[in-house]
Amino acid sequence: MSSAFDPKSFIAALPRRPGVYRMFSGAGELLYVGKARSLKDRVGTYFAAGNVNPKVQALVHQIAEIEVTVTNSETEALLLEYNLIKEHRPRFNVVLRDDKSFPYIHLTAAHPFPRLAFYRGPRTAPGRYFGPFPGAGAVRDTLNQLQKLFRIRNCRDSFFENRSRPCLQYQIGRCSAPCVGLISREAYAQDVDSAVKVLEGRSDEVSATLQACMQAASARLQFERAAEIRDQLAALKAIQGEQVVTAEDERDVDVLDIVGEPGEYAVSVMLVRGGRNLGTSSSFPRAALAEPEEALSSFLMQYYAAHEPPPEVLVGHPLEDAGALEQALAGLAGHAVRVRCPARGLAARWVQLTRENAVQALRMRLSRRQGMEEMLSALACELDLPAPPARIECFDISHTGGEGTVASCVVFGTEGPLKKEYRRFNITGVTPGDDYGALNQALERRYTRIRHEQVPPPDLLLVDGGLGQIHGVHQVLAGLGFADLTLVGVAKGPDRRPGQERLFVYGEPVPRVPAAHSPASRLIQRIRDEAHRFAITGHRRKRARRYTESVLEAIPGMGPAKRRALLTHFGGLQGVLRAGVGDLEKVSGIGATLARTLYDHLHPGS
């Protein structure tokens, strides 16, 4: 602790009022942001003689200055704390990492035959949104069930508008083919209305309606239609039977609970919409100091900054600041929000189920980490490294006959792949097929950025190749100031089978060959295969884009804007190839002359 900071006199001058405190290091780094009902009492606990928590002591010994902001209420303090954490992300605070918006089902509005589609992102497009769902799998399962039940289309509008015969979805009973007029607009609207009721949790109404329709069809001796409705009813009852827990009323509730200890928490969120459990998702917030109640409270504020809170939020721990949270969340949502810890009934069972999911998520995370730690330790022994590498980068090159060359860089840490840090490089100015030149260009671009932007360098760099590759790579690294980086070339064995990899360590003339099924060998295979997958995926996308553009680029008068308009209107190159001259003329910017030129170019000899 800095000698210039006197905690005793500082605490004596603090008021017993709500507010926010900010703790800084001697270098001016913001270490921690906290809120307090009473600033004097809360800040004093950090410096109390009886507080021997090692994490608290680690913070206290770095404090050189504390700043406080007095607020009018605990709610104001809560909101200010959230804003400061979001802006500065102090390393001792709860930080919600890897946050991703929940997916929804989107019902398009401005179309005579609306579609139901998977959607993730800001809900600004016109139409209705149903959800949120805990994951993409839950959305796709729901969409599949609804398509089996009501045969609602899921194709894009550009595809829909250019059909001349039913597609495969109609053939397998997943669509009623409104694109070619096999269902009336009124009948389709009834199916959409039924699907909406199911999504709203009103499937009992749909069951009653289908039951009445089945009896009416039987009375009219339309037995095939009655059998179709019977099958719909059976499928609907099967969907209802899959619900884990169903409330007696149609409640919208979020259920959250936290398990673990400071520095290693798991928070599980269960979504209940229309009284039906939609499943859970888990997050792992960093919380070096916070106790479970404080960590859960901070998580709630960060979570609902990105997700709309329902009228009721159930938590697995009593929260001291529940009242302030309710006011803050009500301000965000525009409606009353109740935060409570239930003790009995269905709500308590929901909390218990959520806690069990959090326990399982944390157990699986720790298991994966232990497996990764074992493989990293084995790799360190295999390569004689002083310590297990905390960060590994691996590069690979992909092309087809030298065309469309793409380099990939994948990053692995102590918990596995760090996918947000993956990078691809489009290689230009290199002789086609020159993998050495492509690899050197990618490394030069990557490590120039690392040097200038202070991106953390890896402890271990892997490249796909042998002695030739690593000698060329080392020259590039040395020129950028990374000559001491541990560099290893991963070459396939004589039979090119997994488990026969030879590791060429820079500076060693003889390769190392780890045991075929050892932890070190498994890790090397995993990282190399991931780099190859990431490279070839990028190459295929580039090649497909290049092919699409090259066909249209050769047509006189077809500039970039017109090519984009064509591809957007018809949903891709295949749609353009199927279009007639009259269809082409409907595209913005494509006149009669250009439409004829385009058609003749795409259909020579017709």
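**Reading burial, contacts and helix packing**

Guide: Let's start with valine 272, which counts as buried because its relative accessibility is 0% (buried is under 20% relative accessible area, exposed over 50%, partly exposed in between, with a 1.4 Å probe and protein chains only). A word on the source: this is a predicted model, where local features need pLDDT of at least 70 and side-chain atom pairs pLDDT 80 or more, while totals for chains, interfaces and linings use all residues. Numbering runs from 1 along each chain as its sequence is written, and side-chain values use heavy atoms, without hydrogens and water.

Visitor: Where is valine 272 found?

Guide: In strand β8, residues 264–273 (helices, H or I with at least four residues, and strands, E with at least two, are DSSP runs numbered from the N terminus). The C-alpha atom of valine 272 is 9.3 Å from that of tryptophan 350, although 78 residues separate them along the chain.

Visitor: On to aspartate 321: buried or exposed?

Guide: Buried, since its relative accessibility is 7%. Aspartate 321 sits in the loop between β10 (312–315) and α12. Its side chain has a polar contact with the side chain of lysine 35, at 3.3 Å (that's an N or O pair within 3.5 Å; within protein, one must be able to donate a hydrogen and the other to accept it, and sequence-adjacent residues count only if both atoms are side-chain atoms). Beyond four places in sequence, aspartate 321 touches Lys35, Glu74, Leu78 and Ser297 (contact is heavy atoms within 4.5 Å).

Visitor: And which side chain joins glutamate 530 in a polar contact?

Guide: Tyrosine 422's, at 2.9 Å. Glutamate 530 belongs to helix α16, residues 519–553, and counts as buried because its relative accessible area is 14%. Outside four places in sequence, Val410, Phe412, Lys419 and Tyr422 are in contact with glutamate 530.

Visitor: How do α11 and α12 cross?

Guide: At roughly 5 degrees, with the axes of α11 (292–306) and α12 (322–333) coming within 11 Å. So the two helices are roughly parallel (under 35 degrees; over 145 is roughly antiparallel, 65 to 115 roughly perpendicular, the rest oblique). Ser297, Leu300, Met301 and Tyr304 of α11 meet Leu325, Ala328, Leu329 and Leu332 of α12.

Visitor: What span should helix α13 have?

Guide: For its 39 residues (345–383), 57 Å, and its end C-alpha atoms are 57 Å apart, so the two agree (the expected span is 1.5 Å times one less than the number of residues). After α13 comes aspartate 384, with a positive phi near 60 degrees.

Definitions and conventions: Axes are lines fitted to C-alpha atoms, for helices over the stretch in contact, and angles run from 0 to 180 degrees between N-to-C directions.
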